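The structure is shown first.

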Amino acid sequence: MTDGTDLFSKFDPLIAQRQALLDTGVKDPFSLVMEKVLSPTRAICNGKETILLGTYNYMGMTFDPDVIAAGKKALDDYGSGTTGSRVLNGTYAGHKACEEALKDFYAMDHAMVFSTGYQANLGIIATLAGKGDYIVLDIDSHASIYDGCAMGNAEVVPFRHNDVSALEKRLGRIPEGAGKLVVLEGVYSMLGDIAPLKEMVAVSKAAGAMVLVDEAHSMGFIGPNGRGVAEEQGVLDQVDFVIGTFSKSVGTVGGFCVSNHPKFEILRLVCRPYVFTASLPPSVVATAATSIRKLMHGTNKRAHLWENSKRLHAGLKALGFTLGTEEPQSAIIAVIMPDLEKGAAIWEALLAEGLYVNLARPPATPANMTLLRCSLCAEHSEEEVGQILQMFERAGKAVGVI
Ligand SMILES: Cc1ncc(COP(=O)(O)O)c(C=O)c1O
């Protein structure tokens with residue numbers, strides 16, 4: 001096979017970069033195995049008990065006894081899977097109960113559950129914005145948002161990250177009468193910064209656009225009822241679509257869209273990533289529904305999570321690390337590394353200490369940054385946050401980052 005016919009040739013630069021990294025002696029940071037998971041905050045990795053600080057398990061619901069009991073009962077009562085699409089044999093009582101839980105959680109009229117959050121963005125964005133329509137989106141949007149744009153036929157107009165006047169200018173250039181969808185996120189997961197949704201929703205509405213906000217990283221935690229950044233900033237009632245996931249605060253897998261739009265239900269027939277895939281297993285929707293209902297009463301846990309976030313941010317800053325935000329804005333604290341080699345080295349040193357964080361690198365990151373992303377959990381104790389800081393100090397000094 002010559003290079004010209006080998007479809008893998010395009011990956012050669014990435015293969016070379018990966019090999020160069022492994023040649024420096026570090027382990028592959030993208031193939032870690034969780035050998036046993038002990039709790040929302042602890043696992044056995046490489047035979048060692050490890051504190052988990054990179055799982056987005058914000059509210060620690062994965063081991064909640066009520067959630068686990070609901071999953072076990074659904075497994076016994078309904079079997080291991082639906083073997084079908086939501087529009088054929090794949091809607092069970094549990095899927096409807098899960099959508100009811102979401103409607104109650106967000107106080108909205110409609111809820112549609114997808115098999116992942118990725119598919120929720122893919123489906124809703126590609127289906128809503130068609131030929132002749134415009135999607136205006138933050139340039140740092142999640143891959144699932146970009147893939148939703150790529151799957152549809154609308155014009156895609158990115159604007160500078162979190163820049164309200166750039167959004168306004170882009171909206172102003174769209175031809176009169178065209179359909180407009182503005183796509184925003186509440187929390188941006190790479191740096192852990194939040195969007196100025198109040199201002200962005202105002203300029204979007206003034207331009208006659210519909211607004212979709214992905215609240216994947218804020219559900220259950222930000223806002224008086226945990227409904228996200230739009231709720232926190234008092235504009236949830238003007239947001240047309242909220243997208244979310246069960247893979248973070250809810251503690252399982254799945255995705256959803258909630259809305260008050262009167263014609264919303266038609267999407268169930270036309271949204272391809274909803275129609276042409278099997279629905280979530282009964283045990284998953286049962287755990288999700290139970291978790292969502294418990295998150296409605298999570299005020300104490302939310303307060304503790306904020307304390308953890310503030311404590312970690314202040315501690316890392318005091319140690320001399322460069323962080324993604326001046327102040328903590330969410331449960332994600334991003335530590336900016338000078339380059340991929342140092343990032344991988346400190347990632348490995350932390351793992352040897354017994355701490356797991358996410359290593360993130362381009363193209364997933366903004367401005368070609370290498371990041372150590374920390375996501376806190378409401379179940380991390382004050383003592384654990386103290387231990388985490390000590391581990392960062394030792395690893396940072398050993399690698400020469402601080
Ligand atoms: C902002 C955002 N949207 C959507 C998703 C996709 O969620 P899921 O893991 O449910 O596919 C993620 C997860 O990485 C995300 O960070």
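By class, the lining of the largest pocket holds 13 nonpolar, 13 polar and six charged residues.

The model is predicted; local features need pLDDT of at least 70 and side-chain atom pairs count only at pLDDT 80 or more, while totals for chains, interfaces and linings use all residues. Residues are numbered from 1 along each chain as its sequence is written, and side-chain values use heavy atoms, with hydrogens and water left out.

Some terms need their cut-offs. Pockets and cavities are found on a 1 Å grid over the protein atoms alone: a cavity is a set of points where a 1.4 Å probe fits but cannot get out, a pocket is an open set with protein on both sides within 12 Å along at least five of seven lines, and lining residues have an atom within 4 Å of a point. Grid points are joined across faces, edges and corners, and a volume is the space filled by probe spheres set on the points. Helices (H or I, at least four residues) and strands (E, at least two) are DSSP runs numbered from the N terminus. Ala, Val, Leu, Ile, Met, Phe, Trp, Tyr, Cys and Pro count as nonpolar, Asp, Glu, Lys and Arg as charged, and the others, Gly among them, as polar.

The second largest pocket has a volume of about 180 Å³. Among the residues that line this pocket are Met34, Val37, Ser39, Pro40, Tyr356 and Asn358. Strand S1 (residues 34-39) gives the most to the lining, with three residues. In this second lining, six residues are nonpolar, six are polar and none is charged.

**Cavity**

How many cavities of 30 Å³ or more are there? The count comes to one. The largest cavity has a volume of about 60 Å³. Its lining includes Arg86, His95, Phe114, Pro273 and Tyr274. Strand S4 (110-114) and helix H10 (272-275) each supply at least two lining residues. By class, the cavity lining has six nonpolar residues, four polar and one charged.

**Surface patch**

Leu7, Phe8, Phe11, Leu14 and Ile15 make a nonpolar surface patch of about 550 Å². Patches are made of residues with over 30% relative accessible area and no salt bridge, like charges being joined within 9 Å and nonpolar side chains (Val, Leu, Ile, Met, Phe, Trp, Tyr) within 5 Å. Accessible areas come from the Shrake-Rupley method with a 1.4 Å probe, and for residues only the protein chains shown count as cover. Phe11 sits in the segment before helix H1 (12-23). With a relative accessible area of 40%, Phe11 is partly exposed (buried means under 20%, exposed over 50%, partly exposed in between; 1.4 Å probe, protein chains only).

**Salt bridges**

Side chains of opposite charge can pair when their charged atoms come close. The whole structure has 21 salt bridges (a side-chain nitrogen of Lys or Arg within 4 Å of a carboxyl oxygen of Asp or Glu). Three of these pairs are tabulated here.

| Salt bridge | Closest N and O atoms |
|---|---|
| Glu99 and Lys96 | 3.3 Å |
| Asp240 and Lys205 | 2.7 Å |

Glu99 and Lys96 are three residues apart in helix H3 (residues 93-106), so about one helical turn separates them. Glu99 is buried at 2% relative accessibility, whereas Lys96 is partly exposed at 38%.

Asp240 forms a salt bridge with Lys205. This pair links distant parts of the chain, 35 residues apart: Asp240 lies in the loop between helix H8 (229-232) and S11, and Lys205 lies in helix H7 (residues 197-206). Asp240 counts as buried at 16%, while Lys205 is partly exposed at 30%.

Glu393 and Lys397 are four residues apart in helix H14 (residues 382-399), so they too are separated by about one helical turn. Glu393 is partly exposed, with a relative accessible area of 30%, and Lys397 is exposed, at 52%. Elsewhere, salt bridges that share partners join Arg86, Lys96, Glu99, Glu265 and Arg268 into one network.
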